[in-house]
Amino acid sequence: MGAYATTGMQMMATRPCIPACRQMLGPTSALSAFGRAICTRTGFASSSKATSAGPLVSLNRKRVVVRAMSQRGAQGLPIDLTGKRAFIAGVADDNGYGWAISKALAAAGAEILVGTWVPALNIFETSLRRGKFDESRKLPDGSLMEIAKVYPLDAVYDTPEDVPEDVKANKRYAGASNWTVKEVAETVKNDFGSIDILVHSLANGPEVTKPLLETSRRGYLAAISASSYSYVSLLQHFLPIMNPGGASISLTYIASERIIPGYGGGMSSAKAALESDTRVLAYEAGRKGKIRVNTISAGPLGSRAAKAIGFIEKMIEYSYVNAPLQKELLADEVGNTAAFLASPLASAITGSTIYVDNGLNTMGLALDSPTLST
C-alpha cells in the first residue's frame, strides 16, 4: 500500500450590498460603521463622521479601507500548530507527499505520529535510526523533524478478524502486531490520548497499469478498498479520539474527473470515490465531532510509489509544459497546503478539493499537442 498523492482555491468577489440588506437586518438593527457603509447604493461611506469600528476598519468620506493586521506584527500571519498532534497514515520513505506533509506540520509546531505499511516498517525505521533521512528531515529553522512514534499499519484491514490467514502467516508481517485500523487507533489513544490532525496519504491499485476494460473485479475492488474506503475506516476509528476543531486531509488526483490513459485498474474510480466521500464525511464528521475534512488534488510527483504507474516522468514533463505555472511542483508545496488546511486559518473550509498542481487542472488544451504546430 504505497503512498501516492496526486485544488484551485476559489476566490469569491464581494458583491455590493443593496439597500435590501437593511430590510433583512431590520430598521432597528445595530450595524457597525462598516456594515452601514457597505449597505448603501454606492457601497462607500456617505458621511465624514465615522463611528469607531475597531482597529481593522478605517472610514473616510469616499472609501472604506480594510487592513489585515497580525497580532505578531512584522512576522505576518502565522500557521501555528503548537500543541497539536497529527497522525499521518502512509509514510514509508522520505520522498512522497506524506513525508512532505509531516515536515510541514512539524515545522508549524505539531507533534508527529506516522503509520507505515507493515512490510515497509523495518526498512523505514532502520533508515530513520541510521540517519539516512537526516538531510530530508531538516526543517526551515535548521532543526530535524522528530517523529514521536511510528506505528505499523495496513489500512486494508479494519479489525484483526478481517485479516486472512495467508496474510497473518506472511513473513513480511512477522513480528508486527496491532496493525489493523481499529488496533492502531486504540494504541494511539492509549499512548497519547487524542489527536488533532489525521492525514490519509496512501493508495494502492494492484492492476493500475491495466485499462479499465481489462481490470478484474478483484483488482477494481482492491483499488477502492486501499485507496478510498481506507480513508472512511481511518476517520471512523480515529474520530472518537480527535479533539473538536481538528482537521482531516486526504490526497487525490485529477484522474478522478479527467481521463488519464494509463492510470487504470480502478484507480481513477477510487479517487472519484475519495472526493465524493470527502464531501459526505465533511458533513458527518463536522456534525458529529466538529472536524473539518478536505482533500488535496496534487500534481504528479516522482515518488517511489508513483513510479508504479510506469509513466510518471512523462506526466511530470507534461505538467511542466502545459500548466499555467511552468515550474517544478514541489512536495513541500503540497505539505504547506496541508499545514494551512490543518490550521485555524482554514477554520471555515471543509468538504473541499484543493488543487495544488500549478494550475494544470484548469487547462482544456494541451499546448504541446502536435496539431498546434501544424
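In this predicted model, helix 6 passes helix 7 in a right-handed crossing. Helix 6 covers residues 181-192 and helix 7 covers residues 217-238; the two pack at an angle of about 35°, and their axes lie 9 Å apart. On the helix 6 side, the contact is formed by Val181, Lys182, Val184, Ala185 and Val188, and these meet Ser233, Leu234, His237 and Phe238 of helix 7. Sorted by class, this contact comprises 6 nonpolar, 2 polar and 1 charged residues.

The crossing of helix 3 and helix 10 is right-handed. Helix 3 contributes Tyr97, Ala100, Ile101, Ala104 and Leu105 to the contact, while helix 10 contributes Ala331, Asp332, Val334, Gly335, Asn336, Ala338, Ala339 and Ala342. The residues of this contact are 10 nonpolar, 2 polar and 1 charged.

The geometry of the two pairs is set out below.

| Helix pair | Angle between axes | Axis separation |
|---|---|---|
| Helix 6 and helix 7 | about 35° | 9 Å |

Leaving aside residues up to four places away in sequence, Ser102 touches Ile88, Val91, Ile112, Val114 and Met145.

Pro300 belongs to the loop that joins strand 8 to helix 9 (312-322). Its relative accessibility is 8%, so Pro300 counts as buried. With residues up to four places away in sequence not counted, Pro300 touches Tyr97, Ile312, Met315, Ile316, Ser319 and Leu329. The C-alpha atoms of Pro300 and Asp357 are separated by 7.7 Å, although the two residues are 57 residues apart along the chain.

Helix 8 (residues 267-289) has a kink of about 25° centred on Leu281. Leu281 is one of the buried residues of helix 8, which also include Met267, Lys271, Leu274, Glu275, Thr278 and Gly289. The buried residues of helix 8 pack against helix 7, strand 7 (242-252), strand 8 (292-298) and strand 9 (353-356). Just after helix 8, Lys290 adopts a positive phi of about 55°.

Technical notes: Residues are numbered from 1 along each chain as its sequence is written. This is a predicted model: local features need pLDDT of at least 70, side-chain atom pairs count only at pLDDT 80 or more; totals for chains, interfaces and linings use all residues. Side-chain values use heavy atoms; hydrogens and water are left out. Axes are lines fitted to C-alpha atoms, for helices over the stretch in contact, and angles run from 0 to 180 degrees between N-to-C directions. Helices (H or I, at least four residues) and strands (E, at least two) are DSSP runs, numbered from the N terminus. A crossing is left-handed if the near helix is turned anticlockwise from the far one by less than a right angle, and right-handed if clockwise. Contact means heavy atoms within 4.5 Å. Ala, Val, Leu, Ile, Met, Phe, Trp, Tyr, Cys and Pro count as nonpolar, Asp, Glu, Lys and Arg as charged, and the others, Gly among them, as polar. The bend at a residue is the angle between axes fitted to the seven residues ending there and the seven starting there. Buried means under 20% relative accessible area, exposed over 50%, partly exposed in between (1.4 Å probe, protein chains only).
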